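Colleague: Can you walk me through this one? I'm new to reading models.
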Amino acid sequence: MDTWLIVVIVIAVLIVLALIALAVAKRGKAGKVRKQEQAREHLQEAQLRGARADKEQALADEQAARARRERAEVEERAAQAEREAQERAAHAQGERSAAAELKAKAEKLAPGLAQHDGGRHDGGRHVAGAQNADVTQQISREDIQRGDVHRGDTGGATRA
């Protein structure tokens, strides 16, 4: 074979190899561009999901704070009701003590009168039993007019 034919074949093979290398490089570059595009889409989706997750977390935190605030309000109202109940119990105990003192004074002034008056004395005012027949409490018209006993906004009786 002639030398020039060998040179032409070698050049042709080199050109074919160069074309193959160029095609592989293009395919690799196209694959890389496709992968970058796919990566961008994944990043955008991740950002959207992250924003949704942040929004959901904020809503959950707000709901938890609202629940804690409502629980604190309920506990505060319960504590206030307990304080009022204790005040009323103390007031009732004071009234019982005063009633017992008055009964003792009445018994001292007129022995046996408290048992024979039928539960009425002092101008027709009633003496009511608080817990048993020995403990009495008298609510006068002046107490009611003063507002010592009334219904509060909470639905329970309170002292003014």
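Predicted model: local features only at pLDDT ≥ 70, side-chain atom pairs only at ≥ 80, totals over all residues.
Modeller: Start with E37. E37 is partly exposed, because its relative accessible area is 40%. Buried means under 20%, exposed over 50%, and partly exposed is in between (1.4 Å probe, protein chains only).

Colleague: Which residue forms a salt bridge with E37?
Modeller: R40 does, with the closest N and O atoms 3.7 Å apart. A salt bridge needs a side-chain nitrogen of Lys or Arg within 4 Å of a carboxyl oxygen of Asp or Glu. R40 is partly exposed too, at 48% relative accessibility.

Colleague: Where do R40 and E37 lie?
Modeller: Both lie in helix α1, three residues apart, about one turn. Helices are DSSP runs (H or I, at least four residues), numbered from the N terminus.

Colleague: Why do residues three or four places apart point the same way?
Modeller: An α-helix has 3.6 residues a turn, so they do.

Colleague: How many salt bridges does the structure hold?
Modeller: Four. One of them joins R66 and E62, at 3.5 Å between the closest N and O atoms. R66 and E62 are four residues apart in α1, so about one helical turn separates them. Shared partners also link E45, R49 and R52 into one network.

Colleague: New topic. Which residues in α1 are buried?
Modeller: G31, A92, R96 and A99.

Methods:
Residues numbered from 1 in each chain as written. Heavy atoms only, no water. Helix = DSSP H or I, 4+ residues; strand = E, 2+ residues; numbered from the N terminus.
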